[in-house]
Amino acid sequence: MDDLIPSKQISDYLKEKNVEFTDFEKATLIFNNKFLSKDTKHQKLKEIAQKTENQELKKQIQERLQFEEEFYRLFLTNDNNQYMYTIEHDDHFYGCFKNIQEALDHIKQLSLKIGLHAYMYVATNRFTFRKNTPIGGVELNFQGEISTICSNFLTDYIEDCPERFEWHYVYIPTFFKIGECVRNIRTNEYAIVCTDDSDVRNLIKKANKRGWQLYFIETTRFGYILRDGIWYLEFLDLTELEYDQPRNHQIDRHYIRAYEAMSDYVHYNEMKDKISKEDLDKMIDIVIKTTKEYAMANKTILDSHCFNRVKNAEKLDDLIYDTI
C-alpha cells in the first residue's frame, strides 16, 4: 500500500478498512505517484504486467513502457548538441545546460526541490530559445529524479483516454470532511477541503448511470489553496494529503488566520440550513478581511498583480480563482 499511496495517513486508513485495489487500479496509482522515479515506476509496472490476468492492462502497460523508452532515448541523448536543457519552476528559470545530466546535477545545488521541470529546446540563440515551445519536458520528484513526462513533441503520443490505466479514476475512501484543513506532503501546501467521500461516491454513481468516463483527478478531492493572496480552487491529489493545520507549524499568523476563516466559511456554507444568512455573510467578511491582512503583511513577496487584486477586492469572488 505504501508504494501506491504516498500519504501515510491515507495508507494507514485504507489498511484499517481492508481496502484492496485491482491490478488496473494499482497500475494507475503507480503511474500517478509523483514521489517515484521513472525507473521505479517502470519496474513496478513490469511486475504488474507479468502477474496480472487482465490482458487489456498487460497490453496498455507494454504500450506505455515502449512509448516512454523511445521518449527517454531521444530526451536523454544530445550527441550532436542540437538541443538545450533548462530547469524551471512556474515562471522561474534556473539556467540552461548542454545535456540533461548537467541539468540534474545543478538541481542538487538548489534549495527548492518541489515542482521542478526539465525541458528540452532546439538549440538556437542562447538568449531567445525559450520563446520557442519545448519539444520535450519531464517533471522531477523531490529527490531531483525524473518522474513523469509532462511535454512531448519528440514522438507519437498515447492519447489521454480515461479508459487507459494512466488516466482512469480510482475510488479512494477517506476520512476528510468538508471545511477541514489538509497539507500536501509533496508540495507542503495547505488546502481547505470542499468535497468529501459522499460527493465522490455520488459522482461515480452519476457517471455510471449516464455512461460518463471519469479521469483520475476528478475523483480525488478539490479545495481552496492560498497563493499570492488569492484563493485557488483546485483539484487536490488525495494520495498526497494528510490532515494538518498551519498553526501546528511556525507559519505567518496572518496566513493562519486566513485559513481558519476560510475553513469556517466552507464548513458552514455546507450547512446553510443550520446557519442564518447574516452569520454566513459575517464569515465571508472575515475571509475577505483576513486574506487582505495576509496580503498587506506580505506585500513585498507577493506578485504585484495579485496584490492589487486582493487590495481592491470587494466580495469573496474577487479573491477566488477557479481552476476546475
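Biologist: Is Asp-228 buried, partly exposed or exposed in this model?

Modeller: Good place to start! Bear in mind that the model is predicted. Asp-228 has a relative accessible area of 29%, so it counts as partly exposed, the class between 20% and 50%.

Biologist: And where does Asp-228 lie?

Modeller: Look at the loop that joins strand 8 (221-227) to strand 9 (230-236); Asp-228 is found there.

Biologist: What should I notice about the phi of Asp-228?

Modeller: The general idea is that most residues other than glycine have a negative phi. In Asp-228, phi is positive, near 55 degrees, and the residue is not a glycine.

Biologist: What is the phi of Asn-188, and where is that residue?

Modeller: Asn-188 is not a glycine either, yet its phi is positive, at about 65 degrees. You will find Asn-188 in the loop between strand 6 (181-184) and strand 7 (190-193). With a relative accessible area of 48%, Asn-188 is partly exposed.

Biologist: Let's turn to helices. How do the axes of helix 3 and helix 4 cross?

Modeller: In general, a packed pair is described by the angle between the two axes and the distance between them. Here, the axes of helix 3 (residues 38-51) and helix 4 (residues 55-75) come within 9 Å, crossing at roughly 155 degrees. That angle makes the two helices roughly antiparallel, and the crossing of helix 3 past helix 4 is left-handed.

Biologist: Which residues make the contact?

Modeller: Helix 3 contributes residues including His-42, Leu-45 and Ile-48, while those of helix 4 include Ile-61, Leu-65 and Tyr-72. By class, the contact has seven nonpolar, two polar and four charged residues.

Methods. Residues numbered from 1 in each chain as written. Predicted model: local features only at pLDDT ≥ 70, side-chain atom pairs only at ≥ 80, totals over all residues. Heavy atoms only, no water. Helix = DSSP H or I, 4+ residues; strand = E, 2+ residues; numbered from the N terminus. Buried < 20%, exposed > 50% of the residue type's maximum accessible area, 1.4 Å probe, protein only. Axes fitted to C-alpha atoms, helices over the stretch in contact; angles between N-to-C directions. Parallel < 35°, antiparallel > 145°, perpendicular 65-115°, else oblique. Left-handed = near helix turned anticlockwise from the far one by under 90°. Contact = heavy atoms within 4.5 Å. Nonpolar A, V, L, I, M, F, W, Y, C, P; charged D, E, K, R; others polar.
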